[in-house]
Amino acid sequence: TRSGARAALLLGAAASMFPDCDFLFTHDRLSYLRNHRGWTHSFVALPVFALGLALVGRLLFRKARLPALWLFCAAGIASHIVLDWITSFGTMFFVPLSRARYALDWVFILDPYLTGIATLTLLVALFWRGRGREVAAAGTALLCAYIAFCAVQHRRALAAWNRIDAPIRGARVAVLPQFLS
């Protein structure tokens, strides 16, 4: 139903913010640095968190189907994890199996361009409802193009670093994006 779809969409949007609730479980800055983007950013834990959020959502939206709520919650959480992966902080995809951090270093942690594209897309889609799907598709394409641009720039910067400095064989080097870079 239309109300069930709206409920799933709202719950999915809320679920996309869920992974950053991990700050509630840290007691100091060092704990935050060690544990942020851990359990709540894990693909291993994602199905359980999505189910928990979907069950809460089911209490609020009684007519919505649980599988649809779970799917939108899982998609929301997964999108958060993937978007955190493209930053330089690193994300622990496989907690509790591994605490290894994965980071692509493509965008700054608080990238105003990425945020601006997403926010503008949502606002235009909200006010131009008759064209919401087209606006969402165009915004998604622009967001993907921006991320691809950042990936290419990262690769170019890394190649320049390797050419200029010639790191020791086997050494791991990184180039990190800066604010507005």
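Predicted model: local features only at pLDDT ≥ 70, side-chain atom pairs only at ≥ 80, totals over all residues.
View 1. The largest pocket holds about 2,400 Å³ of space. It is lined by 48 residues, and those closest to its centre are Leu9, Ala13, Ser16, Ala118 and Leu122.

**View 2. Helices around the largest pocket.** Two or more lining residues come from each of α1 (2-15), α4 (66-85), α5 (112-127) and α6 (132-165). Which element gives the most to this lining? The answer is α5, which supplies ten residues.

**View 3. Helix α6 and its buried residues.** With 34 residues, α6 spans 49 Å from its first C-alpha to its last, close to the 50 Å expected at 1.5 Å a residue. The buried residues of α6 are Gly132, Val135, Gly139, Leu143, Tyr146, Ile147, Cys150, Ala151 and His154. An α-helix has 3.6 residues a turn, so residues three or four places apart point the same way. The cover over the buried residues of α6 includes α4 and α5.

**View 4. Confidence along the chain.** The mean pLDDT of the chain is 90, and 98% of the residues score at least 70. Among the elements of the chain, helix α3 (residues 46-60) has the highest mean pLDDT, 96, whereas α1 has the lowest, 83.

How values were computed
Residues numbered from 1 in each chain as written. Heavy atoms only, no water. 1 Å grid on protein atoms, 1.4 Å probe; cavity = no way out; pocket = protein on both sides within 12 Å on 5 of 7 lines; lining within 4 Å. Points joined across faces, edges and corners; volume = space filled by probe spheres on them. Helix = DSSP H or I, 4+ residues; strand = E, 2+ residues; numbered from the N terminus. Expected span 1.5 Å × (residues − 1). Buried < 20%, exposed > 50% of the residue type's maximum accessible area, 1.4 Å probe, protein only. Contact = heavy atoms within 4.5 Å. pLDDT = per-residue confidence, 0-100.
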